[in-house]
Amino acid sequence: MDCSDLIIDSIGLQDVVLQSFKTDKSTLTCELWVQQKKDTCVCESCGFSLKNVKDYRIRKLKAPPLGAYKEVIVHYRRLRAVCDMCSGQLRMSPMKGVHPQFSNMTLAMAEVAGLLMEELTCEATSRYFRTNSKTMWDLDQWRMRHMKKFYKLPDDLNVSHMSADEVHFRTIVNTQRNSPFSERWTTQYITSLVCSKLSKVIATAGGRDAMALANCLKTLSKKTRDQIIYFALDMNAGYFRAVSKLCPNAEIAVDRFHLVQNLNETFNTLRKDEFRLAKKRNDSFQAGMLEGGRRFILMERNPNLSIEEQNLLGKLKMLNTNINAGMLIVDYFHKVLDEKTLPNFRKSLAQWYYLVRESGIKVFKQFAQKIRKYRLNIQAYIKSNLTTAISEGINNKIKVLKRMGYGYSNQESFELKILQRCGLLNSSHIDTTGWHWHIPHPQ
Ligand SMILES: [Zn+2]
């Protein structure tokens, strides 16, 4: 093999000859001049070979880096000839290896950048390739959409344990409000369906109601859905309906992550109430301890607190019985969830109910009612041995990618990105090796 063939191959082109090149080490740029091979040129409209060459038209293309040369520019000489079949019209030959949508880059360039964008932001990728970040963003979108056409769940997917969760997508401020009572803003969510054994998001859909989860579940076949044994959800009635309808064999478990989230929110409500009361009393110590910024001192489960913080907390607990009781209830609830067997769990839970009743704190009583309602589902969680690591991990990952994109305004692109980063819509699951030279189309 000729070395120039190697270069042609590595930049993703075909049926061209390398004529010359120029390199500049100070800017790490490399320019290549290539020309289409005459004998392989065909008319782009009728497909007959082109013989009567008139001239060559120059196109400038961006190619992937060649080793140390970060920026590679290709001057592509495209053949133009008179086509006898097209009644003597001037015709050009199609360029093999140029991207169909992004006509100023070679396929290899698009694929190398696309692979990088599976891991990095479009901004970072565009800096690396010295290109425009909008182009990189468009390329990433195009590639994800095209890959979606080849998206298929693995045949041996273990779906015994699944979970679903809502992900905050965006909050829109309502500018046109008809009355002072109409909503100030609208919050939009996306539902993600997670295969716990694989720890990947396998489907997404807009909304956070029964319909949204049903749409996710319908991407699975009836046979696959019947294989689901445990389904971890948060306390969302819509999700419960969708799962009971579509997954008849699944036992619904409320997972710990969501229970604790709910518990912390409840405690936070108590804190805010007590904070307001302390302010009213002009009690600066309590108000200071209970303000939002100090929330973490109160919420810390295994106190990693300094001695000073511990002392302050001790004083607060002495002064404020509600906060003291609230913290006890929170702590005890963790213990209930730590139970490994059902009889122990039931015993501990009964004791926890007792604690809540005795405390007389309204918000916790309401929370206990919710727990009572979902008792069987919490039991299912204890039985299923599901850990929270997966839903927590995926939720964090989605939050990070939302920050990295500085928020998303387009639902489709957000959903695709979730599938790409936290699911199977990427080159580890869809083979794109050949995409460096040829873009396939689904059958
Ligand atoms: Zn023709």
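Phe231 touches Met162, Ser163, Val243, Cys247, Ala250, Ile252 and Ala253, leaving aside residues up to four places away in sequence; contact means C-beta atoms, placed from the backbone, within 7 Å. The model is predicted: local features need pLDDT of at least 70, side-chain atom pairs count only at pLDDT 80 or more, and totals for chains, interfaces and linings use all residues. Residues are numbered from 1 along each chain as its sequence is written.

Phe231 is among the residues with the most contacts inside the largest nonpolar core, which has 67 residues; Leu193, Leu213 and Val243 are the others. At least three residues of this core come from each of domain 3 (161-255 + 388-431) and domain 4 (257-384). A nonpolar core is a set of buried Ala, Val, Leu, Ile, Met, Phe, Trp, Tyr and Cys residues joined through C-beta atoms within 7 Å, where buried means 20 or more other C-beta atoms within 10 Å of the residue's own.

The domain bounds come from an automatic or database domain assignment.

| Domain | Residues |
|---|---|
| domain 1 | 3-98 |
| domain 2 | 107-149 |
| domain 3 | 161-255 + 388-431 |
| domain 4 | 257-384 |

The C-alpha centres of domain 1 and domain 2 are 23 Å apart. Their contact takes nine residues from domain 1 and six residues from domain 2.

Helices α2 (residues 107-117) and α4 (residues 133-148) have axes that come within 10 Å and cross at roughly 85 degrees. Axes are lines fitted to C-alpha atoms over the stretch in contact, with angles from 0 to 180 degrees between N-to-C directions; helices are DSSP runs (H or I, at least four residues) numbered from the N terminus. The two helices, α2 and α4, are therefore roughly perpendicular (65 to 115 degrees). Ala110, Ala113, Gly114 and Met117 in α2 meet Met136, Leu139, Asp140 and Arg143 in α4.

Key
Buried ≥ 20, exposed ≤ 12 C-beta atoms within 10 Å, placed from the backbone. Contact = placed C-beta atoms within 7 Å. Parallel < 35°, antiparallel > 145°, perpendicular 65-115°, else oblique.
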